[in-house]
Amino acid sequence: MATKISCCNSGPGYPSPLEAISGPRESLIYVTALYTGTGINKPDYLATVDVDPSSPTYSKVIHRTPVPNIGDELHHTGWNSCSSCHGDPSAQRRFLIAPALVSGRIYVFDTKTNPKAPSLHKVVEPEEIIQKTGLAFPHTSHCLASGEIMISCLGDKDGNAKDIGFLLLDSEFNVKGRWEKPGQGPLYGYDFWYQPRHKTMISTSWGAPAAFTKGFNLQHVADGLYGRHLHVYNWPGGELKQTLDLGNEGLLPLEIRFLHDPSKDTGFVGSALSSNMIRFFKTDDGSWSHELSIPVKPLKVQNWILPEMPGLITDFLISLDDRFLYFVNWLHGDIRQYNIEDIKNPVLTGQVWVGGLIQKGSPIVAVDDDGKTWQSDVPEVQGNKLRGGPQMIQLSLDGKRLYATNSLFSPWDKQFYPNLIEKGSHIIQIDVDTEKGGLKINNNFFVDFGAEPDGPSLAHEMRYPGGDCTSDIWV
């Protein structure tokens, strides 16, 4: 199903990524917060967090908008309109789309009427989506310049990665159908990003929901239930043009981002299990290729389930000026900053330890090549021991503040960080040196989801009301 692309000159979002940098400072963050998988029989909710340092409720949850069902697993979110249609007077960045990964529902929240207290606007039920498209397990949501919403789906109703693809909703959030041409679905689904000037969309591969919803089992990788491919589509036509096999360097490629400059024909993907940042790029003949960009060496460890521990790169982002790339190692526990101005030669400019399985006090220790053991120093924030590992991250428009949550997916949280289930998530903020590079924890900011009224909850993706570097695409 082709998508008509049309855009105007001023309106939602910003005319360019560089102009977005000088946008207003964030004062609120919307965060998906979960009780699914925690043993607490309550619905997941959208939390509003105050991030205005001058406010008396700074670094507090100031509102909670629960969904009406239990067991959804709210996960990622996206906008109904963003900078991809900057200027269309009929377009407003008003609705936050929240696909529920496990139940298959799609929730739509109105954030415009009262930004501090969003309300539930609509629920798209999974039965309708399955009946009309055969798709289930919805994940990444992006708005299109046409006003439509496109959502990657990871499985069929039974959790198989079979005949999967991309769901299209119209501007009223009605199910339109599938975006890709018939028979042109990806091998596995997860994230996607489009770069219209190069008439290209690229999607990534997590695995079969029947496997990953049960927790992580290394045997499932050997059994072929997880992905290692990038899928290159014609944009907006939906024809699968190329499939890139990333091999063992690219197992479980999750988040993908093009550079923000819409003229650029390159970007990065974070391979979680292999723990490599991989750069993809257009070649002289118009096809696409890839290369290993930043490897994270697995750590030799003692007292863990395996003799080596991957970093597990589960999220990354690129600053709006395309100068810095940030990624997390969910298992190791560090956040890294790289200067990517020389795109082929990234330089490590900042690193901070904010959790992980090898922090001091853990029974797990890392072992150097010479046999010496070590553990990471993880500071407390406002007297709170940091739990879990850094997971979803969000950067301020000016690039000076990086926010991090610590919940990945409730079955995996329970498997790798059981104390997250018991004590809940938190959000921390990292101060960023945008001149020379460097990362430092802000001790004045700590949002404790362990202290929620209904008990400890799990915090996942974050969004600013005015858009951010992982929601907005420029055309």
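I began with what covers the buried residues of α2: the cover includes β6, β7 (119-124), β10 (165-169) and β11 (175-178). Contact here means heavy atoms within 4.5 Å. Helices (H or I, at least four residues) and strands (E, at least two) are DSSP runs, numbered from the N terminus.

A note on the source: this is a predicted model, where local features need pLDDT of at least 70, side-chain atom pairs count only at pLDDT 80 or more, and totals for chains, interfaces and linings use all residues. Residues are numbered from 1 along each chain as its sequence is written, and side-chain values use heavy atoms, with hydrogens and water left out.

Next I asked which residues of α2 (residues 126-133) are buried. I found Pro 126, Ile 129 and Thr 133. Buried means under 20% relative accessible area, exposed over 50%, partly exposed in between (1.4 Å probe, protein chains only). Down the axis of α2, the buried residues fall within an arc of 65°, so they line one face of the helix; the arc is that of the directions from the helix axis to the C-beta atoms. On the face turned away, I noted exposed Glu 127 and Gln 131. Gly 134 follows α2, and its phi is positive, near 80°.
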